[in-house]
Amino acid sequence: MIDDLLKKFSKQQKFISQEMLYEMYAIVSRDIENGNRDVGVWAKAYADAKGDEQVAKAAYIELMVERLVLAKQAEEEMSHQTQREQRKVESKSKTPTEIT
């Protein structure tokens, strides 16, 4: 599931290392251990698992990691967009030097 998702991402997202992906799994695992669950995502996982708690837990982990990957991608794209817009503004504000 995650591998399929990563294949669909833009070039900038393809460089996500395995270590970063494992860290995302660790984040979700810690959240579960601490009793923090996203109710909507859990409900989807549980429904998809047709009530099987273990299957739902596995699906929940995959969905939450997918969400973290998507959030990372969105953050990077927004950052790049902001940088492009800033460069565009800066280049428009520069006046050509007069030739003397």
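How many helices and how many strands does the chain have? The chain has 5 helices and 0 strands, where helices (H or I, at least four residues) and strands (E, at least two) are DSSP runs, numbered from the N terminus. This is a predicted model, in which local features need pLDDT of at least 70 and side-chain atom pairs count only at pLDDT 80 or more, while totals for chains, interfaces and linings use all residues. Residues are numbered from 1 along each chain as its sequence is written, and side-chain values use heavy atoms, with hydrogens and water left out.

**The chain overall**

- Going along the sequence, you'll read the pattern α-α-α-α-α.
- Of the chain's 100 residues, 22% count as buried; buried means under 20% relative accessible area, exposed over 50% and partly exposed in between (1.4 Å probe, protein chains only).
- Take the contacts (heavy atoms within 4.5 Å) with a separation of 6 or more: residues 24 or more positions apart account for 64% of them.

**The nonpolar core**

- The largest nonpolar core has 14 residues, and Val 28, Val 41, Tyr 60, Met 64, Val 65 and Val 69 touch the most other members.
- Such a core is a set of buried Ala, Val, Leu, Ile, Met, Phe, Trp, Tyr and Cys residues joined through side-chain atoms within 4.5 Å.
- Two or more residues of this core come from each of α3 (18–33), α4 and α5, with α5 giving the most, at 6 residues.

**The aromatic rings**

- A search of the whole structure turns up 2 aromatic pairs; rings of Phe, Tyr and Trp (its six-membered ring) pair if their centres lie within 6.5 Å, and planes under 30 degrees apart count as stacked, over 60 as edge-to-face and the rest as tilted.
- Trp 42 and Tyr 46 make a tilted pair, because their ring centres are 6.1 Å apart and their planes sit at 35°.
- Those two residues are 4 apart in helix α4 (residues 39–48), so about one helical turn separates them.
- Trp 42 also pairs with Tyr 60, with ring centres 5.7 Å apart and planes at 70°, so this pair is edge-to-face.
- Since Trp 42 lies in helix α4 and Tyr 60 in helix α5 (residues 53–93), the pair ties together parts 18 residues apart in sequence.
- Trp 42 and Tyr 60 are both buried, whereas Tyr 46 is partly exposed at 34% relative accessibility.
- Arg 37 lies over the face of Trp 42, 3.8 Å from the ring centre; a charge sits over a ring if NZ of Lys or CZ of Arg is within 6 Å of the ring centre and within 35 degrees of the ring normal.

**Salt bridges**

- The count comes to 4 salt bridges, each a side-chain nitrogen of Lys or Arg within 4 Å of a carboxyl oxygen of Asp or Glu.
- One of them joins Arg 67 and Asp 38 (2.7 Å, N to O), and it links distant parts of the chain: Arg 67 is in helix α5 and Asp 38 in the loop between α3 and α4, 29 residues apart.
- Lys 44 and Asp 48 meet at 2.6 Å, N to O, and both lie in helix α4, 4 residues apart.
- Glu 76 and Lys 72 meet at 3.4 Å, N to O; Glu 76 is buried at 12% relative accessibility, while Lys 72 is partly exposed at 24%.

**A loop residue to look at**

- Lys 50 has a phi near 50°, a positive value in a residue other than glycine.
- Most residues other than glycine have a negative phi.
- You'll find Lys 50 in the loop between α4 and α5, where Lys 50 is exposed at 75% relative accessibility.
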